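Q: Could you walk me through this model while I have it open? I'd like to go from single residues to the bigger pieces.

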2 protein chains.
Amino acid sequence: MEDSAHSKRSVTVADVAKAAKVSKATAARVLGGYGVVSAKITDQVMASAAALEYRPNELARSMSTGRSGIIGVVVGDIENAFFSLAVRGISDAARLAGFNVIIANSGEQLDAEKSAVDLLIGKRVDGLIVTPARCDNIDHLRDIRRAGVPLVLFDRAIPELDVDAVTGDDQDAAVTATRYLIGQGHRRLAYVSAMDAEGGGLTDVGRISNSAVRERVEGFVSVLTEAGLPNPLHYVRLGATDQQQTDGVIKRLVSEGSSPTALLASDSLVGLRIFKSLQSLGLSIPSDVSMICFLDADWTSVTVPPITIIDQRVYEMGKLASERLVARIERTPLAVERLRVSTRLVVRGSVATIGR
Amino acid sequence: MEDSAHSKRSVTVADVAKAAKVSKATAARVLGGYGVVSAKITDQVMASAAALEYRPNELARSMSTGRSGIIGVVVGDIENAFFSLAVRGISDAARLAGFNVIIANSGEQLDAEKSAVDLLIGKRVDGLIVTPARCDNIDHLRDIRRAGVPLVLFDRAIPELDVDAVTGDDQDAAVTATRYLIGQGHRRLAYVSAMDAEGGGLTDVGRISNSAVRERVEGFVSVLTEAGLPNPLHYVRLGATDQQQTDGVIKRLVSEGSSPTALLASDSLVGLRIFKSLQSLGLSIPSDVSMICFLDADWTSVTVPPITIIDQRVYEMGKLASERLVARIERTPLAVERLRVSTRLVVRGSVATIGR
DNA sequence: ATATGTTGTGAGACCGGTCTCTTTATACAG
DNA sequence: CTGTATAAAGAGACCGGTCTCACAACATAT
């Protein structure tokens, strides 16, 4: 079974050149597809290259050209359907433009995000798409720009940072969903998110460090306020980070005196956990509690009842981010733009009509 | 807003060396963390590096060391929960060993897989994890070994190829599930997969080009045969590639004279489609049709009834593949091994007991 | 016939690191 | 006080491409 494997030195242009009896420069022209070479010599070189099984070393190529053809993507969690769909959109658009994609996971941890960014810049990616875990610690993002690497923020914008961003229309989505719930007669609504809770209750919306969540909460709160409903902030609950935490959050909510009749889940993972919590508490949807969930995750369409969701069109968001980044890589003097992908409410069966 | 951005040339060891008034070699020793340098000089260099915001160029580093610190992963479809979970396992283990991961999507297309492999080898990855779309066209996989790049196959093994592989224990899983169904009194069972159907009916199990699917079908068929049930191959249905195709497959199955009382779904995507098909046909689970689904996807636990599944422990599979690859990268003379991750049946509520 | 232009090829610098080899400085033994 | 071992720093080749520049051969213009 002695394959001719071993870790033999790989074939270089110089090897091909020698075999084809031409100079390294000429072989490089043929193999790199640049400059001018006669047809005869081209054939000669190609033949030798094929015979030797030449494979260009992209590393070396990148080093001299200064372009790697790679886009770096830093996401919160690939396992989350939101991100895997986004990554798909990003990759598809990137490939179409001739770029490849390196994905790094931050786990929504700031330090992991920082080191991922460092690493990707070290690899000399041509550009970066980052989902910033927090909006209040952005030195490393400033560094990216300082290093001259094009950057597009994804899902979350940072006003202080003058940089392209592609986000959902989060505030509008929350407003639409909340108005819908109120329109269905609900008066006590709660918003539940997986954001880390900084010591229990939320006192100041402005302190939410994730802009997407903040905007949604702002939208939620504004509608409640506009409808004259009391104490909206009280009904914003963070910290639904895993099933156990979520169980706690939901149990606390429903055991309160004026327990909410409808829940708004900040993402599909939280939504799933809430669904399970309600199930284990023996509460049925929508007769006991109504719910709306962000993201059209696959599970939302097969539950009983199917879940009313906010379709974020994540694939489009990813595609857009990629296209924007490529544009900035290829013709750099470009005005900073903040793109918002509009969302829509998909009414299914998880919201009850109350009162009438 | 004039950031000091521009696309300025990046800071190199030579720049740092000049600033610290030492030789390039010395600065490189400090910055690269190798060789011996006095404490005083080290401080000097570090200070200059910090002042100039030096970032090592990993490309250059890889070129001289011959190691990139990157593992390439070619998967069928990142959007598929199976792969996103696997990628998570792979990344986690890789990071632990000091490697990073580039992910490429093949979309289960052979030519996309080939070009992804080419690209990754070109980038001089230290090793590759590939989920081969087909087991009958493997020249490009041979090329990988020829190029001296360590390779681990994932999810699907290729007997002809003498190379490490990490797979689930597919045959055993199928046997277990099928026996369970028979034990529950089912006599007419069908296996449904998303594999491309090559012209309708399946005539020869050996011709299935995906080893994981083939093994499952083999397990399925062997149990039916052993139980003395007639014409097992008739009940293997391929081509459930999207919702519409699946609707067709299911409709055909249930409208047959001896329609199956239980379905085995080859993966969670197919399972979801089958679930929806049955729903739209007005058939209820498990009273009209029972089903078992491969992979513990999130949707399977929130349906009514919850779906009985085969837990493939995909995260472990990914982790194992990564660890195996790293081992092979770091100490190359290693016997070829084929690792199987055992599965287990998780009984929920989607299988009815018949007869008695 | 010489000047000018065009086309194809070769020589070698360069990208930014690593790493070997050589040189210089310092310590300790004889 | 000289000799040798040892530690620290410098010089420069090298990885495998790209790309500028020089040059040769031949065609066309004057």
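Q: Is B:Arg124 buried or exposed?

A: B:Arg124 is buried, with 22 other C-beta atoms within 10 Å, where buried stands for 20 or more such atoms, exposed for 12 or fewer and partly exposed for anything in between, with C-beta atoms placed from the backbone. Before going on, please note that this is a predicted model, in which local features need pLDDT of at least 70 and side-chain atom pairs count only at pLDDT 80 or more, while totals for chains, interfaces and linings use all residues. Residues are numbered from 1 along each chain as its sequence is written, and chains are lettered from A and ligands numbered from 1 in the order in which they are written.

Q: Where does B:Arg124 lie, and what is its phi?

A: B:Arg124 lies in the loop between helix H6 (110-122) and strand E3 (127-130) of chain B, helices (H or I, at least four residues) and strands (E, at least two) being DSSP runs numbered from the N terminus. Its phi is near 60°, a positive value in a residue other than glycine.

Q: What about A:Leu295, what is phi there?

A: Phi of A:Leu295 is near 80°, again positive in a residue other than glycine, and A:Leu295 sits in the loop between E9 and E10 of chain A. A:Leu295 is buried, with 24 other C-beta atoms within 10 Å.

Q: Which residues does a cis peptide bond join in chain A?

A: A:Val304 and A:Pro305 are joined by a cis peptide bond with omega of about -5°, and A:Pro305 lies in the loop between strand E9 (290-294) and strand E10 (308-311) of chain A. In chain B, a cis peptide bond joins B:Val304 and B:Pro305, with omega of about -5°.

Q: Which residues of H2(B) are buried, and what covers them?

A: B:Thr26, B:Ala27, B:Ala28, B:Val30 and B:Leu31 are buried in H2(B), and what covers the buried residues of this helix includes helix H1 (13-20) and helix H3 (39-52) of chain B. Just after H2(B), B:Gly33 takes a positive phi of about 70°.

Q: And how many residues of chain A are in contact with chain B?

A: 46 residues of chain A are in contact with 46 residues of chain B, contact being C-beta atoms, placed from the backbone, within 7 Å. The side of chain A that touches chain B divides into 19 nonpolar, 14 polar and 13 charged residues.

Terms used
Two residues are in contact if their C-beta atoms, placed from the backbone, lie within 7 Å. Ala, Val, Leu, Ile, Met, Phe, Trp, Tyr, Cys and Pro count as nonpolar, Asp, Glu, Lys and Arg as charged, and the others, Gly among them, as polar.
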